[in-house]
Amino acid sequence: MSPEIKPFKIAVPDSAIAALKARLAKAAYPDQVDFSDDWNYGAARKDVKRLAKYWEDRFDWRKQEEKLNKLPHYMTGISVDGFDELAIHFIHQRSSQPNAIPLLFVHGWPGSFLEVTKILPLLTEPRQGQAFHVVAPSLPNFGFSQQVRQRGFAVKQYAECMHKVMLRLGYDTYVTQGGDWGFFITRLISLHYPKHCLASHINFPCVRPPPRKSLWFGIQYFLKQYSSVEKQGLARTLWYFTEGSGYMIQQNTRPSTLGLCLADSPVALLGWIYEKLHDWTDSYAWTEDEILTWVSVYQFSTAGPAASLRIYFEAYHSLEMSFRGVRYIPSVPLGISYFPKDLFAVPRSWGKCLGPVVYEASHTHGGHFAAYEEPELFAADLQSMFGEGGGAHFVVEAMTENL
C-alpha cells in the first residue's frame, strides 16, 4: 500500500458526545397541533421527539463506532486542481478472488459510506459470481473527509477527487457505481476519464424525457403508451418534484442559512435527515439504532453537519454541471437498476438516453437507498452486469488480462 495511505479509525471525542447529549436535553419542540404528526406536513413531531430522547438516553455511539471500525478504513491526501489538498476518508475492502475488479461506490446526500456496508461481503466474497475490490469514500464535506474551505468545489471537482482516490490505490482502470449525487459524480467520471472508467452502474437514472417524446409526453401518458408500472414510477417522480423537493431548493440557493440550524440543533438535523429516510425508502423498517447511526455520521462529521449542503449550491451554480451529466455519454458502457420508490422512477426507454446500456433490471420493491434497503438485489445486479454472460463482462476480461 502506498505510504500516502494511512489506516484510519473512527474515534469521536467524548466531549462531542457529551455536548450532543447536553443539547438534546435542552431541545425545544413546536406546540402540539392536530397535524403535528401528519407526514404530509414534514417529519412527525412524535417520532422525532421519541428518536431524540433515545439519542440522548440510550443510543450507544461507541457500540456503533466499534462495529464500523471492524471495516477497513483509510485516509489519504488528494489534491484537486485549484484547491488545497484534502484529507479523504474511504473504505477499501479487497477481495481474495483472483478475478476481482475494482469498483468505486459513490454515495450522495443524505447518504454516506454507511450505504455500502451491507453489500461489502456480498461483492467482495460472493458465494458465486463476479467479485469486486470495493472502494467507498466519504465525499469531501461528508463523513470523515475534510471540509472544502474554498468556493466553487462543484461536481467536476468531486469527480476529479474520486478518480484520484482510485489512482492513488493503484487502480488505473476501474468501474463505478452511483446513486443520488453519486450518479452525477460517476457520470462526470465517465465523461472526463473514459480511459480509466471502463463501465458504470447507476440506480438513480436522473434523465430528461427523450427529445422526441418531450412534446408528446402528456399525450402518450393518457393514450396508455406507458405501462401501469411505468405510470406508477412517473407518478412517484411527479410526487418528488411537487411534494418532496423543497429541501433541494433551499440547499441549492441558501445552504448557509439552513446550515446555521443544523450546526446548532441536533434535533433539527435529525428531523431534516429522518424525513428523507422515511419518505425516500420503500417502507423500509428502520430501527432506532440505524436511524441514529446514520444521523450521527453527520453530527460527528469532520466538516460538521452543515458542510454537506454545499454540494447543492456549487452544482446548481456551476456552468460545468448544466445537465452535462445526464446527457448521452457514448464511450462508457452503462448498467441501470430501477427501483419503484426511488425519486426518479422513469421508463426504461428514458434511461437509454444516458449511454450505451448493456444491463437493465427493474425491481418490484426498493427505494432511493437501494444498496442499504435491498443489498441482495443490488449486489446481484452488479454481479449480473459484470459476470459471465453479462453485458459488461468484456470489461472484466480486459481488466484481468492486464493484472
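Where do Glu-56 and Lys-53 lie, and how many residues apart are they? Both sit in helix H2, 3 residues apart, about one turn of the helix.

## About the model

This is a predicted model, in which local features need pLDDT of at least 70 and side-chain atom pairs count only at pLDDT 80 or more, while totals for chains, interfaces and linings use all residues. Residues are numbered from 1 along each chain as its sequence is written, and side-chain values use heavy atoms, with hydrogens and water left out. Helices (H or I, at least four residues) and strands (E, at least two) are DSSP runs, numbered from the N terminus.

## Salt bridges within helices

Let us stay with the opening pair. The side chains of Glu-56 and Lys-53 form a salt bridge at 3.8 Å, N to O; the term stands for a side-chain nitrogen of Lys or Arg within 4 Å of a carboxyl oxygen of Asp or Glu. Glu-56 is buried at 17% relative accessible area, whereas Lys-53 is partly exposed at 46%. (Buried means under 20% relative accessible area, exposed over 50%, and partly exposed in between, with a 1.4 Å probe and protein chains only.)

Helix H3 (residues 61-68) holds Glu-65 and Arg-62, 3 residues apart, about one turn of the helix. Their side chains meet in a salt bridge of 2.8 Å, N to O. Glu-65 is buried, at 7%, and Arg-62 is partly exposed, at 30%. Asp-14 joins Arg-62 and Glu-65 in a network of salt bridges.

The structure has 14 salt bridges. One of them pairs Arg-50 with Glu-288 at 2.7 Å, N to O. This pair links distant parts of the chain, 238 residues apart: Arg-50 is in helix H2 (residues 45-57) and Glu-288 in helix H13 (residues 288-299). Arg-50 is partly exposed at 37% relative accessibility, and Glu-288 is partly exposed at 24%.

## His-368 in its loop

His-368 belongs to the loop between strand E9 (357-362) and helix H16 (370-373). With 5% relative accessibility, His-368 counts as buried. Beyond its neighbours within four places in sequence, the contacts of His-368 (heavy atoms within 4.5 Å) include Asp-180, Trp-280, Lys-341 and Glu-373.

## Helices H10 and H11

Helix H10 (residues 246-253) packs against helix H11 (residues 255-264) at about 110°, with axes 6 Å apart. Axes are lines fitted to C-alpha atoms, for helices over the stretch in contact, and angles run from 0 to 180 degrees between N-to-C directions. H10 is therefore roughly perpendicular to H11, a label for angles of 65 to 115 degrees. Gln-250, Gln-251 and Thr-253 of H10 meet Pro-255, Thr-257 and Leu-258 of H11.

Conventions:
Parallel < 35°, antiparallel > 145°, perpendicular 65-115°, else oblique.
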